[in-house]
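User: I would like a close look at one part of this model, followed by an account of how its surroundings are arranged. Please state the cut-off for each term where it is used.

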Amino acid sequence: MPPSETASVLLPDDTRPVSTPEGLAVRHAVTLEWGDCDPAGIIYYPTYFKWWDQGTWRLFWAAGIDRRVMREDMGGIEMPILNAVGTFESTVTPGARLVVESRVERWGNSSFRVAHRAMTQDGKTVAHGSETRCWTSTQAAPGQLKATRIPDTVIARFGGTRA
């Protein structure tokens with residue numbers, strides 16, 4: 001996949017951008033490994049949150065905004081998580097191959113919510129959830145982050161609109 005016009009990091013090969021009626025989404029493939037499971041061989045729930053975090057970062061990469069762009073070109077932007085929730089609909093065991101889909105479902109002034117869905121290869125949802133993140137600047141006092149308005153140009157890259 002060629003780099004976007006501004007991203008300095010290429011999307012991983014297992015990730016593909018998807019245009020949806022709600023805007024840009026990404027899908028990436030995951031394989032459930034034994035270490036992702038509890039002793040009964042059932043997925044350990046934090047594994048979903050790891051995949052969802054990956055989905056958020058890959059979504060921003062697909063929009064041309066990676067960590068380097070955020071830190072250097074945008075003046076020290078970070079996106080800490082304010083809230084994360086998940087609903088787990090069915091069990092998954094080692095060897096299962098899933099697709100994780102991520103998209104921004106709501107843009108606010110300085111926060112945004114990313115919806116995630118983990119599904120089987122045939123599209124059956126096994127878990128879904130969301131992260132609410134804050135658009136922050138590191139330009140505040142050393143070691144502190146300050147909530148900052150999300151630029152309209154950023155939201156436009158995702159095909160979104162502010163709530």
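Does C37 count as buried or exposed, and at what relative accessibility?

Analyst: C37 counts as buried, because its relative accessibility is 13% and buried means under 20% relative accessible area, with exposed meaning over 50% and partly exposed the range in between (1.4 Å probe, protein chains only). The model is a predicted one, in which local features need pLDDT of at least 70 and side-chain atom pairs count only at pLDDT 80 or more, while totals for chains, interfaces and linings use all residues. Residues are numbered from 1 along each chain as its sequence is written, and side-chain values use heavy atoms, with hydrogens and water left out.

A disulfide is a covalent bond between the sulfur atoms of two cysteines; here the term requires a pair of cysteine sulfur atoms within 2.5 Å. The structure holds zero disulfides.

Leaving aside neighbours within four places in sequence, I43 is in contact (heavy atoms within 4.5 Å) with L32, D36, C37, Y48, W51 and V92. I43 is itself buried, at 10% relative accessibility, and lies in the loop between β2 and α1. Such elements are DSSP runs numbered from the N terminus, helices being H or I over at least four residues and strands being E over at least two. I43 and G123 stand 80 residues apart along the chain, and their C-alpha atoms are separated by 18 Å.

The loop that holds I43 also holds Y45, with α1 spanning residues 46-62. Y45 counts as partly exposed, since its relative accessibility is 47%. Together with Y44 and F88, Y45 makes a nonpolar surface patch of about 340 Å². Patches are made of residues with over 30% relative accessible area and no salt bridge, like charges being joined within 9 Å and nonpolar side chains (Val, Leu, Ile, Met, Phe, Trp, Tyr) within 5 Å. The accessible areas come from the Shrake-Rupley method with a 1.4 Å probe, and for residues only the protein chains shown count as cover.

Two strands pair if DSSP finds at least two bridges between them. Strand β1 (residues 15-20) pairs with β2 (residues 23-31) in the antiparallel sense over six bridges, and the two form a hairpin with two residues between them. Within this pairing, T15 stands opposite H28 of β2. β2 also runs antiparallel to β5 (residues 97-107), to which seven bridges join it; V30 has L98 of β5 as its bridge partner.

Side chains of opposite charge can pair when their charged atoms come close. A salt bridge is counted when a side-chain nitrogen of Lys or Arg lies within 4 Å of a carboxyl oxygen of Asp or Glu, and the count by this rule comes to twelve. One of them joins E105 to R113 at 2.6 Å, N to O. E105 is partly exposed at 37% relative accessible area, as is R113 at 28%.

A115, in strand β6 (residues 111-120), touches both E101 and E105, along with S102, R103, G129 and S130, not counting residues up to four places away in sequence. A115 is buried, because its relative accessible area is 14%.

Elsewhere, three strands form an open sheet in the order β3-β8-β9, with antiparallel pairing. β3 (77-78) and β9 (146-147) stand at its edges, each with a single partner strand, so one side of each has no neighbour in the sheet. β8 (residues 136-137) pairs with β9 over two bridges, and S137 stands opposite K146 there. E78 meets R67 in a salt bridge of 3.0 Å, N to O. This pair links distant parts of the chain, eleven residues apart, with R67 in helix α2 (residues 67-73) and E78 in β3. R67 is partly exposed at 29% relative accessible area, whereas E78 is buried at 16%.
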